Amino acid sequence: MKLSIGIVGLPNVGKSTLFNALLKKQVADAANYPFCTIEPNVGVVEVPDERLPVLAKIVKTTKIIPAVVEFYDIAGLVKGASKGEGLGNKFLSHIREVAAIVHVVRLFEDEKVVHVANRISPQDDIAVINEELILADLETLNKQKEPRMNAGKEERHLYQLIILLKEKLNQGIPARNVHLTDDEKQLVKPLNLLTLKPVLYVFNVSETQLENRTETEKRIRSIVPDTNHYLYLNAKLENDVLALPETDQKAYLRQYHLEDTGLNRLIKQSYALLGLISYLTGGEKEVRAWTITKGTSAPEAAGAIHSDFIKHFIKADIVPYADFVAAGGWVKAREQGKVQSVGRDYVMEDNLVVEFKIGVT
């Protein structure tokens, strides 16, 4: 499945610097998955996965295909975008296409980088974008017509949800914070509401703020007290780190008490934000990570490889990744009783190596 993330924020918050670092990362990784810029503002970046090279060595292949994320660098939003200010509707149409939003917020102070409001106020910056997305959603909802007299139960239920969402949005509450059942979320999904998309806040900090972690984290918690979906990084530093050899990268990061780059943390958190997991397949042809949502059944997981596999699914042989590595491959894993054969009702778990058995028609 395709994972698409839109990077949004006010002008001059470091959004494009971050996006350029993501593209540079893809080139620097020199992975077997080909670098791809679909448009000038879209790039495909691999999900960091230390399991794949290990698996490739065991099954004796050199071809590695990781899971990937599409990042969209969406033009800077300004107040009034919902009414056409700035790039207006172009911005909003782009953001409707993504599965989740990375909201870049400026925390750094720099007199050389002008703030669009001439002052650094992260709360106000977040409020501007939230307000524009809410106004855009209200416009969408206001276009929905009341059902006809002979409308079905589902259509009437949808209209009741529209009334509820309009009420909450007018109170400044985004759709994602309105309690909806899974069935209700499916009902409103075709409306493609912007505020229903999950959000990961990325605070762009200075090097000094990066060093003063306790103080910086305390400040961020005061800005976004109602979510744990956030991280902070220095977008310029992320670009600089990528120019270094891998061993020097780690030494550079240790100066700031960091275990991993901000880019890797961003990609992994984006993946988790959408409730995604992956399973691995491996053979002489290739090793590969396949992206699925939590709660996916074994046949649906097989469908990630090819849609026909759902219909012709017979069973799946699964083994936890750690057991597969310890056994050194399928043969020993089977001999040691580590492999489990599961059927159509099995719900996939994370971190499995899988071999599907598919019927031939």
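Trainee: By class, what makes up the lining of the largest cavity?

Mentor: The lining has five nonpolar, two polar and one charged residues, where Ala, Val, Leu, Ile, Met, Phe, Trp, Tyr, Cys and Pro count as nonpolar, Asp, Glu, Lys and Arg as charged, and the others, Gly among them, as polar. This is a predicted model, in which local features need pLDDT of at least 70 and side-chain atom pairs count only at pLDDT 80 or more, while totals for chains, interfaces and linings use all residues. Residues are numbered from 1 along each chain as its sequence is written, and side-chain values use heavy atoms, with hydrogens and water left out.

Trainee: What makes a space a cavity rather than a pocket, and how many cavities of 30 Å³ or more are there?

Mentor: On a 1 Å grid over the protein atoms alone, a 1.4 Å probe fits in a cavity but cannot get out, whereas a pocket is an open set with protein on both sides within 12 Å along at least five of seven lines; in either case, a lining residue has an atom within 4 Å of a point. By this rule there is one cavity of 30 Å³ or more, and the largest cavity holds about 30 Å³ of space, a volume being the space filled by probe spheres set on grid points that are joined across faces, edges and corners. Its lining consists of Ile101, His103, Ile129, Asn130, Leu133, Arg176, Val199 and Tyr201. Two or more of these residues come from each of strand E6 (100-106), helix H4 (122-142) and strand E7 (199-204), and H4 gives the most, with three residues. Helices (H or I, at least four residues) and strands (E, at least two) are DSSP runs, numbered from the N terminus.

Trainee: Which residues lie nearest the centre of the largest pocket?

Mentor: Those residues are Ala99, Lys189, Leu196, Pro198 and Leu274, out of a lining of 25 residues. The largest pocket holds about 960 Å³ of space, and its lining has 13 nonpolar, four polar and eight charged residues. Helix H6 (residues 182-188) gives the largest share, three residues.

Trainee: Why is Glu184 called buried?

Mentor: Buried means under 20% relative accessible area, exposed over 50% and partly exposed in between, with a 1.4 Å probe and protein chains only; Glu184 has 15% relative accessibility and therefore counts as buried. Glu184 is in helix H6, and its C-alpha atom is 8.5 Å from that of His157, which is 27 residues apart from it along the chain.

Trainee: How do you know that strand E3 (residues 42-46) is largely enclosed by the rest of the structure?

Mentor: Five of the five residues of E3 are buried, so the strand is largely enclosed. Val42, Val44 and Glu46 are on one side and Gly43 and Val45 on the other, and both faces are covered. Within E5, Tyr72 is the bridge partner of Val42.

Trainee: Which strands are the edge strands of the open sheet of six strands?

Mentor: The order of that sheet is E4-E10-E9-E13-E11-E12, with mixed pairing. Strand E4 (64-65) and strand E12 (340-342) are its edge strands, since each pairs on one side only. E4 pairs with strand E10 (residues 287-293) in the parallel sense over two bridges, and Ile65 has Arg288 in E10 as its bridge partner.

Trainee: Why is Thr291 called buried, and what joins its side chain to that of Tyr271?

Mentor: Thr291, in strand E10, has a relative accessible area of 9%, so it is buried. Its side chain and that of Tyr271 are joined by a polar contact of 3.0 Å, a term for a pair of N or O atoms within 3.5 Å, where within protein one must be able to donate a hydrogen and the other to accept it, and residues adjacent in sequence count only if both atoms are side-chain atoms. Tyr271 is itself one of the buried residues of helix H11.

Trainee: How do you know that the reach of H11 is close to the expected one?

Mentor: The expected span of a helix is 1.5 Å times one less than its number of residues. H11 (residues 262-273) has twelve residues and reaches 16 Å from its first C-alpha to its last, close to the 16 Å expected. Just after H11, Gly275 takes a positive phi of about 70 degrees.

How values were computed: Pairing = 2+ DSSP bridges.
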